[in-house]
Amino acid sequence: MPIIKPSLHHVTFRTSRLQEMVDWYGKVVGVTVTFQDEHNAWTTNDAANHRVAFLSVPGIVEDPDKFQHNCMHHSAFEYESLDALMESYSRMAGENIKPAFCLHHGITISLYYRDPDRNFVELQVDNFGDWAKSTRWMQVSEDFRTNSIGSFFDAEKVLQAHKAGTDFETLSRDIRQGDYKPDVIPNIGLPEPDAVLRGL
Ligand SMILES: [Fe+2]
């Protein structure tokens, strides 16, 4: 029997800080609440009735060793343009919500934010505009084979270059080759960050 493939629909988090999480996802990706009660909430930022939900019953506790435990590393949301990504970066920086780290993956330019529970949320823009091409590039390019995690960059430096009118192709190429590196290479939420960064 062929596999009938369903679409990815929503993510649901266990959390011990319901309102903080609802508010944060509201500020970051613009979710609004479809339904919320004392313990749980279902939110969305598009026409679906829920995309990001939270279960917050008593007994859920903080995990201080999250970066070492089996769990989801991040969810991701995509903008239609670098303009939209950078405008969102600026808006959130004004509210003191700043990325934990930024990576040019070749396929995307991505800002990773840490939610109140230290789950990462990737905000990205696609570099190819064509999933067939980017899929092929991941499969065969030497660039991706030797730098699959990505090139770190400083979002503030990229914002300034973007504001100064550097075109998308030039900016993307230069970020990928490391011209916008941050002063300090951040931990990307893994127990041995150096292991994944070898060769970068
Ligand atoms: Fe991702």
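Reader: Which residues is Leu111 in contact with, leaving aside its neighbours within four places in sequence?
Author: This is a predicted model. In it, Leu111 is in contact with Leu85, Tyr89, Pro99, Cys102, Leu123 and Ala155.

Reader: Which residues touch the most other members of the largest nonpolar core?
Author: Leu111 is one of them.

Reader: What's in the second core?
Author: That one is separate and has 9 residues. Among them are Leu18, Val22, Tyr25 and Phe54.

Reader: Back to α6. Where does Arg173 sit?
Author: Arg173 is in helix α6, which covers residues 168-176.

Reader: Why does Arg173 count as partly exposed?
Author: Because Arg173 has 13 C-beta neighbours inside 10 Å. A residue with 12 or fewer would be exposed, and one with 20 or more would be buried.

Reader: How far apart are Arg173 and Thr135?
Author: In sequence, 38 residues. In space, 18 Å from C-alpha to C-alpha.

Reader: New topic, sheets. What is the strand order in the open sheet of 4 strands?
Author: The order is β1-β4-β3-β2, and the pairing is mixed. From one strand to the next, the twist averages 20°.

Reader: Which strands stand at the edges?
Author: β1 (11-14) and β2 (32-36). Each has a single partner strand, so one side of each is left without a neighbour in the sheet.

Reader: How many bridges join β2 to β3?
Author: There are 4, and the two strands run antiparallel. Strand β3 covers residues 40-44.

Reader: Zoom out. How many helices and strands are in the protein chain?
Author: The chain has 7 helices and 9 strands.

Reader: What does the radius of gyration say?
Author: The chain has 18 Å. A compact globule of 200 residues would be near 16 Å, so the value agrees. Along its principal axes, the C-alpha trace spans about 50 × 50 × 35 Å.

Reader: How much of the chain is made up of buried residues?
Author: Buried residues make up 22% of the 200.

Reader: And contacts between residues at least 6 apart in sequence: what share join residues at least 24 apart?
Author: The share is 57%.

Terms used: Residues are numbered from 1 along each chain as its sequence is written. This is a predicted model: local features need pLDDT of at least 70, side-chain atom pairs count only at pLDDT 80 or more; totals for chains, interfaces and linings use all residues. The radius of gyration is taken over C-alpha atoms; the globule rule is 2.2 Å times the number of residues to the power 0.38. Two residues are in contact if their C-beta atoms, placed from the backbone, lie within 7 Å. A nonpolar core is a set of buried Ala, Val, Leu, Ile, Met, Phe, Trp, Tyr and Cys residues joined through C-beta atoms within 7 Å. Two strands pair if DSSP finds at least two bridges between them. Axes are lines fitted to C-alpha atoms, for helices over the stretch in contact, and angles run from 0 to 180 degrees between N-to-C directions.
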